[in-house]
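Me: Got a model I'd like to talk through with you. Can we go over it piece by piece?

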Amino acid sequence: MTTSKPHERPPCEETTPRSGSPQSVRIRGLSRSFGQKLALAPLDLDVPAGEITGLLGPNGSGKSTLMRCLLGLVRADSGEAWVDGVRLRGDGREVRARSTFAPGEFALYGQMRADRQLDWLLAGRDREAHERAHALANELELPMQEPVHAFSHGMKRQLLFAAAMGPRVAVRILDEISEGLDPAKRGLVLERLRDDVKQGTAVLLSSHHLGEVQRICDSMVFMRGGHLLSDQNTRTVLDHSRRLVRLQFAPSTDLARLEAVARAAGAVDMSGPAENLLLHLDDQDPRRALTAIFSNSDLPSPLRIEYGQPSLEELYRELYGEDAC
Amino acid sequence: MERTLRSYLLPTLAYFLLLEAMLAAALLYWPNFEENVGALKAMAPIDLLKEMVDTLAQGGIEAYVTGQHFFKGCNTLGTAAAVLFSAGAVAGEVHRGTFEIWIARPFSRRRLLLERWVTGALAVCVPIFLTTLTVPWLLSFVDTQVPLQPLLLCCVRQSAFLLCIYSLTFLFSTVFDTPMGIALSMLFATSMAFAIYLVKVVTHWSIYRLTDIEVFMKIMDRGELDWSRLGPMIALSGVLLLVSLRTFARKVP
């Protein structure tokens, strides 16, 4: 993953990536507005081959628009993108031929039998893709002879997942692929995704399920309001989250005094009310700051301390001010 | 393509059978009509219908066949088919929520739309030709005949007319997202157009003037098509298809 910021140079100066290059997806300055509403601010993003990149953000943050623009389903207002060395142009047919896509919001043809629906989803792909997809659908224990209207939401997702995993392509773009799945099926889906990435596929995965993202993603991209907020690998994100300590004090606590003590002991920032205070430390060892707080007789003891969770949730809350799943 | 064909198959078969049933009933009634034409004229409630019965009586079996099959059968059932086969072409996908998975496959949008337009157009027009081909067989039951070739030219004229209605509805389907609304609006508009055909003072405003008995009788008499009307109808369908392609290319999931 490389830097992520509004593009600063003309995309045409970029070297067009070649098939098999480390960057399977390269986006430069892609943007889209719907009327006055900015859906996607110009952004740069690289998705490396052999990695899963998690795309995180609340509803309406631009994740789906980014995916659709990348596939040519929504025409970008500006910017350029390459998928497996092919530049996005026209209606994106060439890009879609080199990638697979599972949309987040979808419906299937209810009267169609599941096996036919799967073949329909794979129209234009080779026989091998059909065979792999059917094998995966069988592994997921989907009743392929049943009409799709008999399927639960989770089963439809699995069918879509099987279709997205069938073709041998360089890039898979999966929007909320595990939403609605039971834990066992979710585990299997993520396992198959991991196996696929080992073959060198690049996956761009949008999800609200932070545990899942943390478990399988190599990098994370945070979006809000169409803007790319942060673009880091998972280790960096978790390292950052380990510098956070959440404290709960009585409401009457002198926050100014508390902040002064905390800063003197290595805190770089303090935010939130006394009942839900967040300390940002300068390293991953909270002992110095906590000792300073406990040993200061002017400050009450905290009612609750949270530290050490692999807290992507904390980071999400910090970025968006709201909880994820 | 396979799914598109399959989804059109049953409705097309139903449309064909209805058209054939109407045609058979009308043609087998010919001896009674010929015998009672005077009484039928007297029973006609409005002047325009009386004139129509006169035209049929003067034109004989040819006028009767074109009037029953094209003016009555194809204009009513054909219009309904043209509207119903196109209203959901794109709007139906949006309405069902399948639009995104439809366009996300590795096909160009142009191909997807043309595939659908062509399939629907064939579904509208082929039954007209097929039912027309059965006219000589049906007329053999009432011991009369009509030359088939001019009847097939009438099919071309009728199909061109219905393609205009089909293409306009198809365009609306690429613009709007509610197939039911599109279908009801178009059916209302075409019903109104058919209704005003029967009102003498405004009959010249009706689009069904383009496919009435007089038009088909000219084709039967001359044995050739009137390209001054047919050409613009085909061109209009082409333009509507081009606009549909442009609209569809920009349609957002």
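Me: Which residue of strand 2 of chain A stands opposite Val25(A)?
Reply: This is a predicted model, where local features need pLDDT of at least 70, side-chain atom pairs count only at pLDDT 80 or more, and totals for chains, interfaces and linings use all residues. Residues are numbered from 1 along each chain as its sequence is written, while chains are lettered from A and ligands numbered from 1 in the order in which they are written. Strand 1 (residues 23-34) of chain A runs antiparallel to strand 2 of chain A, with 9 bridges joining them; strands are DSSP runs of E, at least two residues, and helices are runs of H or I, at least four, numbered from the N terminus. In strand 2 of chain A, the residue opposite Val25(A) is Val47(A).

Me: Which strands of chain A stand at the edges, each with a single partner strand?
Reply: The open sheet has 4 strands in the order 2-1-4-5 (chain A), paired antiparallel; strands pair if DSSP finds at least two bridges between them. One side of each edge strand has no neighbour in the sheet, because each has a single partner: they are strand 2 (37-48) and strand 5 (86-87) of chain A.

Me: What is the bridge partner of Leu56(A) in strand 9 of chain A?
Reply: Strand 3 (residues 52-56) of chain A pairs with strand 9 of chain A in the parallel sense, over 4 bridges. Strand 9 (residues 219-224) of chain A is largely enclosed by the rest of the structure, because 5 of its 6 residues are buried (20 or more other C-beta atoms within 10 Å of a residue's own, with C-beta atoms placed from the backbone). The partner of Leu56(A) there is Phe222(A).

Me: How far apart do the C-alpha centres of domain 1 and domain 2 of chain A lie?
Reply: The domain assignment, automatic or from a database, gives domain 1 (11-232) and domain 2 (243-307) in chain A. Their C-alpha centres are separated by 42 Å.

Me: How many residues does the contact take from chain A?
Reply: Contact here has C-beta atoms, placed from the backbone, within 7 Å. Chain B puts in 17 residues, with helix 6 (residues 99-103) of chain B giving the largest share of that side, 3 residues. From chain A, the contact takes 19 residues.

Technical notes:
A residue is buried if 20 or more other C-beta atoms lie within 10 Å of its own, exposed if 12 or fewer, and partly exposed in between; C-beta atoms are placed from the backbone. Two residues are in contact if their C-beta atoms, placed from the backbone, lie within 7 Å.
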